Amino acid sequence: DAWIEWRDRLAAIQISRFEKFVDYWMERFLQLNDNRIFVSYERLTDDDMGAEEAIRMTRFLGQSEGVTPIDIESVPCVWKSVVKYKESLKASNNNQQQQQRRRLDPLHHDSQRSGPTERPYTPELLSSMSDMLLRLIGKWGDGHLRLRKMLEGYQTDVAAAYLATTGDSDAAMTSLGGVVPAQQPKQKNFHVILACPPEMDCTILSNVLVGLFEPPDAYMSFMEDSSQLQVRQRGSLVSIESSVVTLTHDMNLLALYKTMKSKFDEVYFVAPVKGEACEYDNVMCVDNEALVYSNSEGMEDVVTKIAKRMRLHFFEDPTILSEAKLGVALKRLVEMETLRADDKQGGLLEEKFGIRGGGGDHIADKTMTAPMLTSDKAPLTINGKTYHIFQASPPHTASTVLNNFLIGMFEPGAEYSFMVYNQERTIRRHDKDVAIDDGHIVTKTHITDLMGLYKQHRNAFDEIMFVVANRGVNPETRIDSSLCQYNNVLCIEFEELLYSDEHGRESVVRALAEKLKDRFGYFFGAHLDLMDSNRLKNAVIRLQQMDQATISMADQPFTVSDNKFGVHGGHRNRDGSEMQGSSARKIDSGKLFYCGGAPGLNRKEFKYSTFGLFLANSLFPEYEGKVEYQPGQPLINTAIPLTDDTLNQATSNDILIMHSHQKCEIFSLEAFPGAQLHVNAEFYDMHPLHLLNPNGEFTQNYLPPGEWSYVIGPHEDTRQSIRIPYCSMKLWYLHKTRPTEAILPKIIDPSKKPKNTKEHFLLYINSHYIEYRERAARALSEIGAIHTAGKCQGNWEVRPPPKPDGSPEQCEPYEDGLRPSSILPVSASNDRDTQGHNSNLFSKYRFALVMENADAPGYVSEKILDAFLAGSIPVYYGSRMVFEIFNPKAFVFFDLDIPQQALNQIQFLEQNPAEYERMLNEPIIANKQVLEKYFSWDETVGNGVLKQRIRQMMGLQGNGASPQW
């Protein structure tokens with residue numbers, strides 16, 4: 001009782017504040033309707049509409065001077081991360097529940113504590129809520145449609161709660177201003193216009209709307225002349241007022257509104273397009289591609305989603321569009337699909353459902369699915385239904401492997417059929433033209449217009465399925481990802497088609513068969529067992545035979561092909577020149593070359609000239625040219641320095657390892673005949689001494705010239721580059737050069753995480769001047785005494801003059817007597833290890849200030865790694881990619897936009913040793929997937945996933961045990 005009294009008292013205060021809040025913002029900006037946006041919690045958190053609401057907010061904020069919002073395409077991701085973060089947390093605890101629209105519910109109770117859960121609001125409180133909402137609706141509703149709909153929705157919630165609490169509908173009507181929650185409130189006279197461009201198929205959307213708003217047997221209404229308030233219905237012109245829903249191809253919504261506003265209190269528009277019109281309160285834009293169903297459950301889901309969006313967008317009232325109306329809409333779609341399948345009811349299809357020509361445009365045009373009901377060679381029909389499988393993949397995606405797998409599964413002895421990319425889309429088999437329905441099941445093609453293929457051949461089969469191979473992020477080797485969502489499209493990644501031995505081949509077959517079964521189970525079901533052992537064996541044998549054919553043709557020109565397996569001659573281009581990459585040719589053991597000095601290296605040469613070779617030895621173990629190092633022992637390096645003399649030894653089978661700071665004697669790297677792997681710690685414009693960028697003209701994601709030049713570093717993922725942060729490269733380098741120190745487990749194994757001695761507060765090591773870094777050091781010195789090692793001491797006011805050679809400016813230390821007492825220089829020379837690394841230096845400090853030279857995408861250097869390896873908590877600034885790699889709970893991010901946040905956090909940790917210890921014990925790596933993506937340089941970490949990605953980018957197959965291109 002005490003709790004209820006407290007709650008009611010607080011609720012009464014909140015009711016008053018809500019009214020004052022609305023009045024304040026409406027009165028303050030009476031004349032600024034174009035510069036005001038109304039956002040409801042319900043819409044912003046709704047699973048179906050929340051992302052669109054966030055996009056609306058983004059566009060609105062983008063109208064402000066000086067505000068540059070993020071790309072619209074990125075908004076749904078941000079919305080999901082911010083608004084739906086609790087769902088991901090629940091999922092991680094195996095307790096994910098679907099987030100539902102938050103409504104006032106007298107029985108709702110989120111508390112995990114025991115005790116009674118039925119604590120409804122009192123009738124007096126509900127009446128007070130209703131009075132407040134009615135006042136706001138009367139005061140502001142007429143001039144502000146979206147606000148009015150929000151308030152009316154809340155009013156309906158209150159009415160429902162009042163009735164549930166009292167059970168007295170008469171009292172509900174008296175108390176709530178005449179609104180009876182059990183009945184649908186009387187609505188203003190409205191009309192719904194579906195504005196559909198003539199080139200689009202809006203059959204599904206139009207019939208859902210008619211089903212939701214019209215009588216069960218209603219016929220489609222179509223507006224031909226928007227200047228006249230008449231619609232064509234069953235071949236005759238009738239008044240637009242005779243229907244609620246009208247279809248039109250006129251996309252001038254403003255003109256339509258002006259024409260119709262005299263007839264209706266409200267005109268609502270639904271449009272399957274995107275654009276500025278979507279910003280208006282009375283316009284709801286729908287993604288037509290989302291209207292996909294392949295069975296009755298999917299059909300019901302489409303109807304439910306459209307009804308839900310209509311309620312929220314136009315009515316804000318859950319009682320509008322009852323379950324009975326949803327049933328009418330669903331029944332209408334079922335009837336439409338049944339008649340369409342019958343193909344003998346052309347007149348009824350056109351007049352009632354808006355489908356022309358009986359079997360013409362229908363769901364398949366947009367969903368790529370047909371209506372679905374429940375040895376050696378697979379049967380040509382499944383449960384009486386004919387079918388065909390297109391293996392439709394871009395080139396260079398291992399599509400030959402995928403195609404032979406499919407043939408092995410469905411017609412193991414068949415020759416492969418290939419659809420040529422010409423106007424007729426001819427199908428060739430054994431150099432002859434064949435028909436699509438001549439009895440073969442699988443057709444390969446590089447045509448990726450899946451919709452066009454479906455439309456071209458849908459009349460020949462009851463069902464058409466597509467299996468597609470994608471590779472990397474290059475649009476030339478991927479299809480549109482949205483196509484992969486269709487029920488009759490299965491997308492496979494390039495990596496899933498790779499194997500290097502018998503066991504790998506069998507694993508690939510089984511995994512692909514599982515995907516076929518899961519994706520196409522709606523069609524094959526129990527009628528064809530895709531996991532049958534004989535069927536799997538046939539697929540394995542087919543791939544085995546394909547591999548043998550590949551090896552036997554390795555020395556043939558590319559123009560020579562095999563008619564059964566579709567493999568080409570080996571390592572040749574069409575012009576006969578040597579080719580790297582795409583075909584699987586067995587090669588002799590290649591050699592590793594590198595740019596840099598000869599043996600007998602000083603420390604700097606050791607760091608830069610051979611850095612990439614330590615990575616290359618793990619990536620390419622089959623290649624000649626090893627580099628080995630034991631502390632206290634001379635470096636052993638059998639790789640070949642690239643010079644004018646050694647260039648003559650290089651062949652197309654060799655690889656050149658090029659680190660970003662190396663020097664090459666040869667004039668042009670393009671003279672190297674083999675592949676090149678550029679190991680870049682930074683972007684080309686981030687270091688003035690970069691070999692390939694002496695004049696600073698190459699910036700950001702510049703890639704070196706050459707078809708066989710590849711890059712690993714901060715660059716974006718492309719066909720020739722993979723984004724890998726430098727901290728990952730440095731960790732592997734330390735792992736290989738300091739084998740006795742168990743470097744790797746310190747980072748990836750939480751139980752091996754180092755701990756500092758806590759002897760001192762913070763250490764700052766830098767000599768290159770960066771103003772924000774110097775400012776941060778000065779601010780931190782106000783929390784506690786900081787130690788500095790290097791020329792930088794927080795003296796940010798004194799900016800050093802630029803150097804003539806363009807190299808980074810050096811900090812100016814304080815002059816004697818001017819340095820603050822809380823900034824103490826220390827000598828670092830005795831604490832650095834033999835290779836000059838900083839990780840030992842931080843081991844006596846609770847915190848380490850490790851801020852990057854720049855905030856650049858993909859650039860996370862070794863600085864944060866040095867702090868972690870010493871057991872110190874990093875105070876970091878740089879690319880936000882750091883949150884993807886490292887556990888955000890294990891370090892402090894010094895955000896330059898809100899520096900006080902980091903300073904407060906550090907102050908708190910200093911004052912609360914238990915909280916500091918908690919952070920110190922947090923795992924370093926963000927998650928297991930990060931290990932695979934960025935740290936798996938060989939099979940001992942994350943199954944060597946990163947190693948495989950790099951090898952596949954360069955055209956190398958396997959893990960290096962059996963060298964193959």
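## Disulfides, cores and a parallel sheet

Cys-484 and Cys-491 are joined by a disulfide, S to S 2.1 Å; the term covers a pair of cysteine sulfur atoms within 2.5 Å. This is a predicted model, so local features need pLDDT of at least 70 and side-chain atom pairs count only at pLDDT 80 or more, while totals for chains, interfaces and linings use all residues. Residues are numbered from 1 along each chain as its sequence is written, and side-chain values use heavy atoms, with hydrogens and water left out.

**The disulfides**

How many disulfides does the structure hold? There are 3.

| Pair | S to S distance | Angle about the S-S bond | Hand |
|---|---|---|---|
| Cys-196 and Cys-202 | 2.0 Å | 85° | right-handed |
| Cys-484 and Cys-491 | 2.1 Å | -85° | left-handed |
| Cys-792 and Cys-811 | 2.0 Å | 75° | right-handed |

The link of Cys-792 and Cys-811 connects distant parts of the chain, 19 residues apart. Both cysteines sit in the loop between strand 25 (786-789) and strand 26 (823-825). Helices (H or I, at least four residues) and strands (E, at least two) are DSSP runs, numbered from the N terminus.

Are these cysteines buried or exposed? Cys-484 and Cys-491 are both buried, where buried means under 20% relative accessible area, exposed over 50%, and partly exposed in between (1.4 Å probe, protein chains only). Cys-196 is buried because its relative accessible area is 1%, and Cys-202 counts as buried at 5%. Cys-792 comes out at 0%, so it is buried, and Cys-811 is buried at 3%. As for two other cysteines, Cys-77 counts as exposed because it reaches 52% relative accessibility, whereas Cys-727 is at 0% and so counts as buried.

**The nonpolar cores**

In soluble globular proteins, nonpolar side chains tend to be buried together. In this model the largest nonpolar core has 97 residues. A core here is a set of buried Ala, Val, Leu, Ile, Met, Phe, Trp, Tyr and Cys residues joined through side-chain atoms within 4.5 Å. Which residues have the most contacts inside the largest core? They are Phe-620, Ile-657, Ile-712, Phe-886 and Trp-937. Helix 21 (residues 726-737) supplies the largest share of this core, 7 residues.

Apart from that core lies another, of 45 residues, with Tyr-387, Ala-469, Met-531 and Met-553 among them.

Back to Ile-712: leaving out residues up to four places away in sequence, Ile-712 touches Leu-677, His-678, Val-679 and Asn-680, then Ile-722, Ile-724 and Met-729, and also Trp-937, Ile-950 and Met-953. Contact means heavy atoms within 4.5 Å.

An open sheet of 6 strands runs in the order 26-25-24-27-28-29, with parallel pairing. Two strands pair if DSSP finds at least two bridges between them. Which strands form the edges? Strand 26 and strand 29 (892-893) do, each pairing on one side only.

Strand 28 (residues 873-877) pairs with strand 29 in the parallel sense over 2 bridges, and Val-875 stands opposite Val-892 in strand 29. Helix 27 (residues 913-920) packs on this sheet, where it touches strand 27 (845-851), strand 28 and strand 29. The direction of helix 27 makes about 75° with that of strand 28; axes are lines fitted to C-alpha atoms, for helices over the stretch in contact, and angles run from 0 to 180 degrees between N-to-C directions.
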